[in-house]
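Visitor: Could you walk me through this one?
Guide: Happy to; take a look first.

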Amino acid sequence: MKGAEQSAVCVRREMEQQDPFQACMREFLPRFGITPNYIGYFYLIDALKLTVEEPQRLLLVTKLVYPEVACRHRTTAQAVERSLRTVAETAWRTNPELLQMLVGHPLSRRLNVSSLLAVLSLEISS
């Protein structure tokens, strides 16, 4: 392993030790095609962390989740919402079977962002 590669591996391991939630998301989200090349990947991780910590945030996603994620990433709530819609669409196109399995019934269309957050946060916390 070359110096730069070894350094990147060390940094990744150190981050995983510091935040096990991040490590869990790094394995979980790619199953839905949601990878770090989407800005929504990072927003989704923060949104999921917020909703796992405080499930009542799922009741008012636009008021309690989007603004908090936007503040953490120095962007707007509208940009967060749009990016999360993109990753919701990606999850639906990539692995609708897994989403349907998590929901527990067939889906005729993709989940909206609030529903996706609810399903994923329930799966993560169980």
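Guide: Buried means under 20% relative accessible area, exposed over 50%, and partly exposed in between, using a 1.4 Å probe and protein chains only. This is a predicted model, where local features need pLDDT of at least 70, side-chain atom pairs count only at pLDDT 80 or more, and totals for chains, interfaces and linings use all residues. Residues are numbered from 1 along each chain as its sequence is written, and side-chain values use heavy atoms, with hydrogens and water left out.

Visitor: Is Cys 71 buried or exposed?
Guide: Go by the relative accessibility, which is 60% for Cys 71. Because of that value, Cys 71 counts as exposed.

Visitor: And which class does Cys 24 fall in?
Guide: Cys 24 has a relative accessibility of 35%. So Cys 24 counts as partly exposed.

Visitor: How many disulfides are there?
Guide: A disulfide is a pair of cysteine sulfur atoms within 2.5 Å. By this rule the count is zero.

Visitor: Which helix holds Lys 63?
Guide: Helices here are DSSP runs (H or I, at least four residues), numbered from the N terminus. Lys 63 is exposed, at 61% relative accessibility. Residues 61-64 form its helix, α4.

Visitor: Which residues of α8 meet α2?
Guide: Contact means heavy atoms within 4.5 Å. On the α2 side you'll find Phe 21, Met 25 and Phe 28. Their partners in α8 are Leu 120, Glu 123 and Ile 124.

Technical notes: Helices (H or I, at least four residues) and strands (E, at least two) are DSSP runs, numbered from the N terminus.
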